[in-house]
Amino acid sequence: MGGGCGSEGSDGAEGRLTMALVKTERCESCDAVYGENHRITTAKPSKESLAAMLLGTLPERATDGCIIASASTPRCQHGHSSWLITAKELTI
Ligand SMILES: [Zn+2]
Ligand SMILES: [Zn+2]
């Protein structure tokens, strides 16, 4: 009687479940998706504070409160603009 002799099932090669993790990059500071506008997460500095930032007597801060480290890049590590720039756009 011819049974199926020695036929090895050939499934099982694809046992690996690849989790397709849709990773959305979000700003650690304001939770905005990259590509969108960052949200302002700190209160706008006073005129006095902005003036002091301009003079350099206060550290320049971004709209999420980070200190702008380098004057050549007026953005924080998260990409938030300096308050000096944002405040101008908002027209104090
Ligand atoms: Zn942000
Ligand atoms: Zn930041």
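User: In which handedness does α1 pass α2?

Analyst: The crossing of α1 past α2 is left-handed, a term used when the near helix is turned anticlockwise from the far one by less than a right angle (clockwise would be right-handed). Do keep in mind that this is a predicted model, where local features need pLDDT of at least 70, side-chain atom pairs count only at pLDDT 80 or more, and totals for chains, interfaces and linings use all residues. Residues are numbered from 1 along each chain as its sequence is written, while chains are lettered from A and ligands numbered from 1 in the order in which they are written.

User: What makes α1 and α2 parallel, perpendicular or oblique to each other?

Analyst: Their packing angle is about 130°, and the axes lie 10 Å apart. Angles run from 0 to 180 degrees between N-to-C directions, with axes fitted to C-alpha atoms, for helices over the stretch in contact. Under 35 degrees is roughly parallel, over 145 roughly antiparallel, 65 to 115 roughly perpendicular and the rest oblique. α1 and α2 are therefore oblique.

User: Which residues of α1 and α2 meet, and what class are they?

Analyst: From α1 come L50, M53 and L54, and they meet W83, L84 and A87 of α2. The contact has 6 nonpolar, no polar and no charged residues. Contact here requires C-beta atoms, placed from the backbone, within 7 Å. Ala, Val, Leu, Ile, Met, Phe, Trp, Tyr, Cys and Pro are the nonpolar class, Asp, Glu, Lys and Arg the charged one, and the others, Gly among them, polar.

User: How do you know whether W83 is buried or exposed?

Analyst: W83, in helix α2, has 25 C-beta neighbours inside 10 Å, so W83 counts as buried. The cut-offs on other C-beta atoms within 10 Å are 20 or more for buried, 12 or fewer for exposed, and in between for partly exposed. W83 touches K44, P45, L50, M53, R61, A62 and T63, leaving out residues up to four places away in sequence. K44 is 39 residues from W83 in sequence, yet 7.5 Å away, C-alpha to C-alpha.

User: What makes R39, D31 and E48 buried, partly exposed or exposed?

Analyst: R39, in the segment before α1, has 13 C-beta neighbours inside 10 Å, so R39 is partly exposed. D31, also placed before α1, has 10 and so counts as exposed. E48, in helix α1, has 9 other C-beta atoms within 10 Å, which means exposed.

User: Where is phi of D31?

Analyst: It is near 70°, a positive value in a residue other than glycine. Most residues other than glycine have a negative phi.

User: Which residues form the largest nonpolar core?

Analyst: The 6 residues are L50, A62, C66, I68, C76 and W83. A nonpolar core is a set of buried Ala, Val, Leu, Ile, Met, Phe, Trp, Tyr and Cys residues joined through C-beta atoms within 7 Å. Contacts of I68 include A62 and C76. Across the chain, buried residues make up 17% of the 92 residues.

Note on methods
Helix = DSSP H or I, 4+ residues; strand = E, 2+ residues; numbered from the N terminus. Contact = placed C-beta atoms within 7 Å.
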